[in-house]
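Here are a few exercises to work through with the model open in your viewer. Try each task before you read its solution.

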Amino acid sequence: MRPHPEWTLPPEIDWAADPFQDVNWRSQYHMLRWLDPLRRAAAKGDDEAFSMWLRYVRDWVRSNPRDDPAHEWVWSDMVDGIRAIQLCLAAPLVRDKSPEDLGWLEQTIVDHAEFMADPANLGHSNHAMHQHEALFVCGRTLGDERYTDLAVSRFDQLLAEQYDEQGVNAEGAIAYHYNNYLWYERALKRFDAEGFDRPAAAERHARAPEEIAHATRPDGTFVGIGDTDGGGPKAIGSPLTDYVSSAGSDGEPPSDLLKIYDQGYLFARSGWGETERNYDEETFFSVSFGRSDRVHGHPDGGSLTFSADTVNWIVDPGKFQYGRSIERRHMLSRFSHSLVSIDGRQPEKRATVALVRESVSQRAYDLLFTDDSFPGIELTRRVIYSLNGDYLVVIDHVRTPKEVTARQRWQLGPAVDAAISPHRVELTSGEHRAVLSYAGTATALDQVTGSEEPFDGWVATGWKKKAPATAVTATKSGTSFRFITVIAAGAGRAPSATTVPTEQPGFCLEVSNGRTTEHIVIREEDVSFPADLDSLEQKDDDDRLAEAESRQPAASGRPPHLDPSRRREMFDLLTAARDAARDSTAHARRITARDLLAEARARGLDGDVDLGVTAAVTDLRQAVRGRVDPKKVQPHRTALVNWDGDPSWKPTFYPMPLVHHGSGLVFDERPQESQILTVNCRPLVLPLALSPEPGEVLTVLFHGALDRAKLRLPIFQRWRYQLELRAGPTLAVADPTLDLSGSMRLGWYLGTEAMDLVPRIAGAIQRTARALGVKHIVLVGSSGGGFAALQVGAFLPRSVVVAMSPQTNLRAYSPRLVNAAIGPAFGSPTLSEVSVEPFRLSAAERFASRAVYPRVELVSNPGDKVHVKHHEAPLRNAYSAARLSRRFGTTEIDLGPGHRSLENDAYGAVMRTVYDSL
């Protein structure tokens with residue numbers, strides 16, 4: 001009986017047997033579930049199996065009457081219920097094969113029903129669920145409505161008790177949230193099969209798959225909160241759990257990246273693998289809070305787990321077993337979790353950790369927890385997650401009247417090695433690297449791995465299975481002190497965190513993780529990042545007051561960037577500012593930039609979604625002696641207007657001069673050198689990179705999602721590799737839609753509600769093609785860039801579109817990502833409120849509206865079932881309906897599960913095939 005060792009039944013069975021001294025084994029023994037393979041074989045005609053089943057069950061009934069069972073566990077709650085169902089399932093078989101035995105079997109079922117109907121014999125939580133399910137089955141088997149009706153009533157009441165309005169189960173362990181969902185659903189399907197309505201509270205249970213999906217780490221396994229030793233949600237079969245079980249290749253992702261559940265669970269992640277960052281490489285963290293006395297929960301309030309870059313760096317210890325053992329006692333203790341404990345003090349058994357403050361912005365999550373585990377000691381944990389930097393800052397604060405010694409523990413995963421140095425712990429797992437870095441006053445650091453005496457440095461990996469896993473402890477003493485810990489995973493190198501002097505209140509850290517380096521200022525009440533828009537110029541007290549007043553919501557009650565009148569005003573101001581700057585001096589442009597900032601603040605548009613204000617200010621402030629001044633421009637966008645026409649000005653890391661073309665590309669002659677071209681697309685500026693190599697084919701590149709923390713706009717994706725192919729001239733198009741919001745990663749070249757970028761881009765491509773004298777145009781894009789290539793192809797009927805795992809209809813894509821774009825772009829909070837033409841959201845509708853279907857060469861990853869089903873198939877069907885299937889080709893390249901992009905070699909092979917076909 002899994003997970004226990006094999007045990008051979010003796011010739012004369014002993015119903016008091018307990019060979020492994022294990023409560024779980026004893027329970028399973030008397031559930032009689034181990035006899036069910038015999039029943040199933042007998043139902044298929046195996047008479048010997050039926051005889052064996054009958055002999056053992058008859059012997060059990062004779063040896064275990066209710067008033068004198070062979071063992072105290074025989075008639076315990078849950079055991080009785082599961083056994084009763086086994087007996088009921090066999091009733092038809094006994095009726096058909098041995099009707100003379102039906103009498104005692106029926107009486108045994110009656111005994112079980114009577115026992116479970118008695119309130120004195122009821123268990124709680126899932127034990128009671130098994131009893132109610134069994135009572136329902138007994139009632140239907142016996143034809144006794146008393147038992148059936150009682151079971152339905154109890155089941156409804158239990159559902160309401162065990163599930164809250166968010167669909168979270170009360171058991172306190174992710175494994176049991178999963179188990180209970182399956183068990184309750186099985187019982188509800190029995191109701192369905194018997195023609196009974198599902199209880200009203202079943203609506204709560206139906207919401208459970210979402211929470212279970214959020215509680216699944218990027219590697220597809222459950223986060224080990226409470227009595228949880230691994231596992232995954234595959235068996236649930238909902239779209240959300242299918243997605244997290246398939247590494248993002250099937251189903252659909254939850255809509256939120258941060259989810260907080262009232263029962264005491266916080267789950268957050270950097271993404272769902274939708275933007276060509278592999279799903280298993282996304283960052284995930286969890287915090288458990290709430291009551292410490294949940295049925296299968298642990299005293300783990302405030303405990304944190306952290307996964308990133310395919311590694312589970314910080315974990316919870318798990319279950320190990322039920323019953324008593326040194327291992328179980330350790331796993332179940334507060335001291336084994338990633339928490340602060342106090343030397344010489346035992347935590348309160350009914351302690352509660354409360355989430356008392358949550359601040360969520362486009363840049364960071366800032367969460368504060370209070371912990372009353374140690375009476376007389378004020379203990380708080382503040383967890384800050386930088387969305388751009390993709391790291392955590394954890395601040396544990398201890399305040400007490402008398403001096404104490406506190407130990408902050410981090411339980412690392414079994415695959416993680418640790419090396420302690422002053423103020424930091426280097427973490428490695430194979431080639432992957434992470435860090436625990438300590439700021440503030442000196443912290444004594446220590447570690448333990450796989451110690452038997454005392455027992456420490458272990459995590460559970462299964463039933464009575466454990467693995468050595470390093471635990472890092474930091475120690476401090478005093479009456480008021482903090483542990484300030486930065487937790488970060490590196491992208492190819494070791495992360496770092498250092499304290500930076502600052503004159504501002506609070507403290508400042510510089511965190512670098514290989515993706516980005518940023519400064520974070522942490523104050524008592526808030527968090528800021530000095531490179532924000534606010535740092536563009538020093539504001540006096542009157543400015544600060546005006547800013548505070550301007551933060552009021554729009555008259556419509558919506559955020560300012562969603563208010564139609566404010567959008568029109570701001571877009572007009574941006575256009576006018578650029579027009580005025582055209583004939584101005586550098587000094588006048590800076591004054592215009594200052595005025596533009598003031599106008600934006602007056603309208604509340606000085607936050608992350610500023611509708612392009614920061615980009616315009618960057619353009620207006622432009623350059624200082626030919627170089628960008630990083631102190632005076634937005635750090636993720638370079639200037640894109642060469643106001644003075646200086647041919648030596650190269651403001652980006654692409655070694656090309658920048659030529660601004662006003663409202664449209666104009667070429668007096670064939671371009672002879674590589675250059676960046678910019679065009680006004682009011683209120684935006686469209687950037688294009690041109691390499692005018694000789695050749696008959698113009699290849700046009702469109703980019704997909706970008707890491708805004710790491711990259712500086714504009715980005716011309718695959719630019720350098722495309723040039724290496726030597727396939728002729730290349731034009732790369734960057735998406736100006738990203739200027740509307742500092743955190744937008746994917747804009748699909750949507751433009752604004754009044755500026756459809758697609759025909760403007762198509763016009764720029766046509767003019768470039770004519771100037772170059774090419775015969776063919778190939779439009780290339782992956783994911784969101786594929787969507788843009790398809791859209792532009794509707795205006796270039798002789799072009800060839802190479803779309804690699806593209807989105808083709810934004811209504812069928814991630815609502816979170818789409819809403820993040822259409823809010824700034826169209827002023828619509830959700831897709832249902834978008835008022836632009838439908839074809840701007842769908843490639844097929846754009847083709848139909850223009851009656852133009854360009855040749856499409858689709859590169860499909862069969863492991864990305866989301867795109868295959870919801871985007872590629874509908875587009876293919878649109879070509880078929882238009883009787884143009886010959887213009888639609890498909891190349892399958894298996895990249896593995898999820899949304900992934902082609903490596904350069906595979907991309908090159910695809911492009912050479914396309915060029916050869918022209």
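Predicted model: local features only at pLDDT ≥ 70, side-chain atom pairs only at ≥ 80, totals over all residues.

**Exercise 1: Checking a helix**

Task: what span should the 18 residues of helix 6 (residues 125–142) have, at 1.5 Å a residue? How many residues of helix 6 are buried?

Solution. 
- Step 1: the expected span is 1.5 Å times one less than the number of residues, which gives 26 Å for helix 6.
- Step 2: compare that with the end C-alpha atoms of helix 6, which are 26 Å apart, so the two agree.
- Step 3: 14 of the 18 residues are buried, so helix 6 is largely enclosed by the rest of the structure.
- Step 4: look just past the end. Gly143 follows helix 6, and its phi is positive, near 70 degrees.

**Exercise 2: The largest cavity**

Task: how much space lies in the largest cavity, and which element gives the largest share of its lining?

Solution. 
- Step 1: searching the whole structure turns up eight cavities of 30 Å³ or more.
- Step 2: the largest cavity holds about 80 Å³ of space.
- Step 3: its lining includes Arg334, Phe369, Asp371, Arg381 and Asp396. Strand 9 (364–371) and strand 10 (378–386) are the elements that give two or more residues to this lining.
- Step 4: strand 10 contributes the largest share, three residues.
- Step 5: sort the lining by type and you get five nonpolar, three polar and four charged residues.

**Exercise 3: Rings and their neighbours**

Solution. 
- Step 1: the structure has 35 aromatic pairs. In the one formed by Phe847 and Tyr879, the centres are 6.0 Å apart and the planes make 85 degrees. Planes over 60 degrees apart count as edge-to-face, so that is the label for Phe847 and Tyr879.
- Step 2: Phe847 is in helix 21 (residues 843–850) and Tyr879 in helix 22 (residues 865–881), so the pair links parts of the chain 32 residues apart. Both Phe847 and Tyr879 are buried.
- Step 3: At 1% relative accessibility, Val792 is buried.
- Step 4: now look for charges over rings. Arg363 lies over the face of Phe529, 4.2 Å from the ring centre, and Lys466 over the face of Trp458 at 4.9 Å.

**Exercise 4: Cis peptide bonds**

Task: where does Pro683 sit, and what is omega for the bond joining Arg682 and Pro683?

Solution. 
- Step 1: Pro683 is in the loop between strand 26 (675–681) and strand 27 (684–691).
- Step 2: the bond joining Arg682 and Pro683 is cis, with omega about 10 degrees.

How values were computed:
Residues numbered from 1 in each chain as written. Heavy atoms only, no water. Helix = DSSP H or I, 4+ residues; strand = E, 2+ residues; numbered from the N terminus. Buried < 20%, exposed > 50% of the residue type's maximum accessible area, 1.4 Å probe, protein only. 1 Å grid on protein atoms, 1.4 Å probe; cavity = no way out; pocket = protein on both sides within 12 Å on 5 of 7 lines; lining within 4 Å. Points joined across faces, edges and corners; volume = space filled by probe spheres on them. Nonpolar A, V, L, I, M, F, W, Y, C, P; charged D, E, K, R; others polar. Phe/Tyr/Trp six-rings, centres within 6.5 Å; stacked < 30°, edge-to-face > 60°. Lys NZ or Arg CZ within 6 Å of the ring centre and 35° of its normal.
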